[in-house]
Amino acid sequence: MTFRVLDPTTEKAPPAGRLAPRLDTLEGKTIGFISNGKEGTKGFFKHLDQMLREEYGVARVVSRTKSNYSAPADKHIVDEIKGWDAVVSGLGD
Amino acid sequence: MQLASRVYDADSISAVQELYHSSGWTDGLPIVPPTADAVEACLDWAMMPPDQLIGIEPVRGLAITAEKLAINAVMAGCLPMHFPVVVTAWMAMMQDEFLMHGATASTGGCAVLVVLNGPIRLELGASGTFNALGNSDRATAVIGRAVRLCLINLMDVRPGVIDRSTLGHPGKFSYCLAEDEEDSSWLPLAEQRGVPKGASSVTVMAAGAPRQLMNEWTTRPEEILETFAAEMRANLRHYSIHPGNYALIIPKQLREHLQAAGWTKTDIAQFIHERARIHRREWAEVGKGAVVRDRGDSVYPAMESPDQLLVVAAGGPAGGFGAVIPPWLGNKSHAVTLPLGVCIDCEPPKK
């Protein structure tokens with residue numbers, strides 16, 4: 001007996017989520033950090049900030065923290081992204 | 001009826017099972033083959049065309065259609081009559097305040113608790129008595145399972161993919177119960193939360209595992225409820241200090257003492273709100289002294305207000321047991337109650 005059965009998944013890729021063009025260099029760039037605010041993010045971003053400036057010549061680092069670590073970034077943070085060259089979004093778990 | 005989903009041919013029932021398991025489309029248990037006939041029967045029952053948009057998942061922008069919910073409902077073992085409940089549960093989960101992505105992706109590992117109220121319980125044979133939080137009946141088993149299979153297949157909430165749970169809990173297979181409205185003088189949960197009397201409804205809550213308690217040695221409401229409050233204090237100490245929706249499941253034996261003394265659900269919620277709170281310094285007693293800091297005297301209630309307590313009459317007739325179901329992470333997610341859709345003069349969709 002043959003069963004004709006249906007695909008239970010959405011099948012299509014989600015509409016959002018395309019990767020932005022990669023940067024050729026980090027030198028002189030503005031990098032934004034979006035932290036989820038958990039304890040583990042503090043040391044991570046502090047170290048990354050120092051590394052980006054000292055080793056990669058990043059001009060400016062902007063740090064922002066979400067108001068709810070389980071929800072998407074707040075609108076005012078998302079609005080700022082267009083002023084940055086790249087974003088690092090970090091989890092603290 | 002024109003279904004849009006991709007079709008697979010399988011030579012045997014075993015081949016169907018292997019196809020679905022190997023594709024990562026199951027919860028590890030066997031599924032019912034979702035054939036076009038079975039899926040169309042669900043859609044017919046709900047009078048929904050396959051492409052009816054049930055909602056857009058808010059974080060990733062995924063469109064959730066009736067057809068895809070029906071496929072997963074059939075896989076879970078749902079009959080057509082169960083399907084409208086699955087649809088309503090999903091509509092509730094997609095409300096912003098439920099924070100579905102966060103609740104289902106979190107390391108915290110909660111499950112979606114589904115509570116049924118109103119006449120639909122009787123139509124489906126959903127039982128709120130013996131084994132209410134376990135395998136009590138077919139309807140609650142398959143509805144709860146359908147909610148999980150939809151999460152797995154429509155949002156990629158698979159372990160290690162979107163589902164990042166450290167532990168999870170057994171309610172992630174199925175976590176649905178019906179309130180025992182016939183054997184209670186209390187307002188049903190849905191009515192307490194604003195649904196008109198007599199309407200069928202679904203309440204969803206991002207919920208941890210049940211914490212069972214027992215107090216068979218008193219008939220005084222204050223003493224019975226102190227045991228519930230103590231269990232909530234334990235949760236505040238051992239798990240999370242965030243206030244939010246807690247559910248109390250109160251079976252008949254304890255319920256009768258409370259009702260005989262004239263206590264309503266509102267009275268219970270007010271008492272619990274006063275008693276279920278701790279000082280931050282208590283964290284030092286359970287190994288969490290490092291986060292007390294200089295705020296030891298701060299008081300943390302389990303709920304911001306009494307109306308955050310969901311009191312549900314359910315459980316077998318004997319035994320002085322009860323259960324506290326804690327929130328995933330306090331107010332990050334709010335419980336949502338929605339009535340099942342009522343359609344006046346609806347016409348079935350054209351075939």
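Visitor: What makes two strands count as paired here?
Guide: Two strands pair if DSSP finds at least two bridges between them. Strands themselves are DSSP runs (E, at least two residues), and helices are runs of H or I with at least four residues, numbered from the N terminus. This is a predicted model, where local features need pLDDT of at least 70, side-chain atom pairs count only at pLDDT 80 or more, and totals for chains, interfaces and linings use all residues. Residues are numbered from 1 along each chain as its sequence is written, and chains are lettered from A and ligands numbered from 1 in the order in which they are written.

Visitor: What makes β6(B) and β13(B) a pair?
Guide: DSSP must find at least two bridges. Strand β6 (residues 201-207) of chain B and β13(B) have 4, in the antiparallel sense. So they pair. Thr203(B) stands opposite Thr337(B) in β13(B).

Visitor: Which strands make up the open sheet, and in what order?
Guide: The order is β5-β4-β6-β13 in chain B, 4 strands with mixed pairing.

Visitor: Why is one side of β5 and of β13 in chain B left without a neighbour in the sheet?
Guide: Both stand at the edges, because each has a single partner strand.

Visitor: Why is Pro301(B) called partly exposed?
Guide: Buried needs 20 or more other C-beta atoms within 10 Å, exposed 12 or fewer, and partly exposed falls in between, with C-beta atoms placed from the backbone. Pro301(B) has 19, so it is partly exposed.

Visitor: Where is Pro301(B), and which residues is it in contact with?
Guide: Pro301(B) is in strand β10 (residues 299-301) of chain B. Contact means C-beta atoms, placed from the backbone, within 7 Å. Leaving aside neighbours within four places in sequence, Pro301(B) is in contact with Pro243(B), His273(B), Ala276(B) and Arg277(B).

Notes
Contact = placed C-beta atoms within 7 Å.
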